[in-house]
Amino acid sequence: MQATAAAFLARPHPRLLRIGRWGPDGIALVRGGIVALPPRLRGPRCSMSLSIGGGAGASEDRGFSYEHVPVFPRYRIRDPYKLLGVDRDASEEEIRSARNFLIQQYAGHEPSEEAIEGAYEKIIMKSYQQRKKTKINLKTKLKKRVEESPSWVKALLGYFEVPSMDIISRRLFFFAFIAGWSIATSAENGPAFQLAISLFSCIYFLNEKMKNLLRASTTGFGVLVGGWIVGSLLVPLIPTFIIPPSWSLELLTSLVAYVFLFLGCTFLK
């Protein structure tokens with residue numbers, strides 16, 4: 001049998017023809033030569049049915065169900081407060097905690113997650129709009145009160161202005177540094193040098209707005225004198241157990257003067 005198979009493989013392959021019959025030695029005999037091996041020399045057939053994208057697994061993926069996923073029972077409620085289970089006067093922290101808790105409880109059920117997120121966003125947006133409206137109403141009320149105030153009040157308010165928060169923060173930091181410097185060196189010498197620096201700085205800031213050095217110098221010096229007088233009157237009224245022993249009367253008075261200089265160079269026109 002092995003010799004027969006070797007002879008078959010060694011012969012040139014003819015043109016394939018339709019099989020006629022099997023010979024006595026097990027070789028297919030047809031007109032034109034040998035064309036195939038007999039069934040007993042053939043290898044076992046292997047058949048397998050493949051279905052790409054159309055098997056049972058694919059159909060199960062397309063038809064995914066939330067059978068084993070917990071469903072939020074209130075996800076169809078339209079009231080966002082009732083849906084999250086919070087009061088209408090609840091704080092933002094309480095609302096955020098309720099939202100995070102529900103998201104963790106019903107994670108995996110997409111409609112429930114969307115309903116919880118949507119309710120949370122509605123409440124936060126409503127709170128933001130109310131705060132914005134309150135600020136607008138407050139500005140309107142203040143403006144109305146100023147317009148209805150006496151003429152001398154209007155004239156007095158005309159000398160003041162409110163700069164940007166950037167300017168306020170930078171000047172507050174500068175005078176706070178001067179005050180800390182005075183406290184740190186109070187045991188060695190008095191705050192005369194720091195007072196001089198704060199006075200010249202106040203004049204510089206005022207001159208940027210007034211564009212008049214004489215007026216800025218006069219205003220700055222007047223602010224310093226006013227702050228020193230007020231400090232001299234207020235400091236003796238402070239209980240002694242509050243004040244550190246190393247702080248002198250001059251140092252405390254200078255701290256009050258720093259406050260006046262900051263307010264003068266920041267809010268005066």
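**Reading the model**

Tutor: Phe160 is placed in the loop between α6 (151-157) and α7 (165-184); helices (H or I, at least four residues) and strands (E, at least two) are DSSP runs, numbered from the N terminus. This is a predicted model, in which local features need pLDDT of at least 70, side-chain atom pairs count only at pLDDT 80 or more, and totals for chains, interfaces and linings use all residues. Residues are numbered from 1 along each chain as its sequence is written, and side-chain values use heavy atoms, with hydrogens and water left out.

Student: Is Phe160 buried, partly exposed or exposed?

Tutor: Buried means under 20% relative accessible area, exposed over 50%, and partly exposed in between (1.4 Å probe, protein chains only). Phe160 counts as partly exposed because its relative accessibility is 41%.

Student: Which residues make the nonpolar surface patch of about 490 Å²?

Tutor: Like charges are joined within 9 Å, and nonpolar side chains (Val, Leu, Ile, Met, Phe, Trp, Tyr) within 5 Å. Areas come from the Shrake-Rupley method with a 1.4 Å probe; for residues, only the protein chains shown count as cover. Here the patch consists of Trp152, Leu156, Tyr159 and Phe160.

Student: Which residues touch the most other members of the largest nonpolar core?

Tutor: A nonpolar core is a set of buried Ala, Val, Leu, Ile, Met, Phe, Trp, Tyr and Cys residues joined through side-chain atoms within 4.5 Å. In the largest one, of 23 residues, they are Phe175, Leu206, Leu224, Tyr258, Leu261 and Cys265. Two or more residues of this core come from each of α7, α8, α9 and α10. A second, separate core has 16 residues, including Tyr81, Val86, Tyr106 and Ala115.

Student: Which residues is Thr253 in contact with, leaving aside its neighbours within four places in sequence?

Tutor: Contact means heavy atoms within 4.5 Å. With those neighbours left aside, Thr253 contacts Trp228, Gly231, Ser232 and Val235. Thr253 belongs to helix α10 (residues 249-267) and counts as buried because its relative accessible area is 2%.

Student: Where does Lys211 lie?

Tutor: Lys211 is in the loop between α8 (192-210) and α9 (213-234). Its phi is near 55°, a positive value in a residue other than glycine. With 69% relative accessibility, Lys211 counts as exposed.

Terms used:
Patches are made of residues with over 30% relative accessible area and no salt bridge: like charges are joined within 9 Å, nonpolar side chains (Val, Leu, Ile, Met, Phe, Trp, Tyr) within 5 Å. A salt bridge is a side-chain nitrogen of Lys or Arg within 4 Å of a carboxyl oxygen of Asp or Glu.
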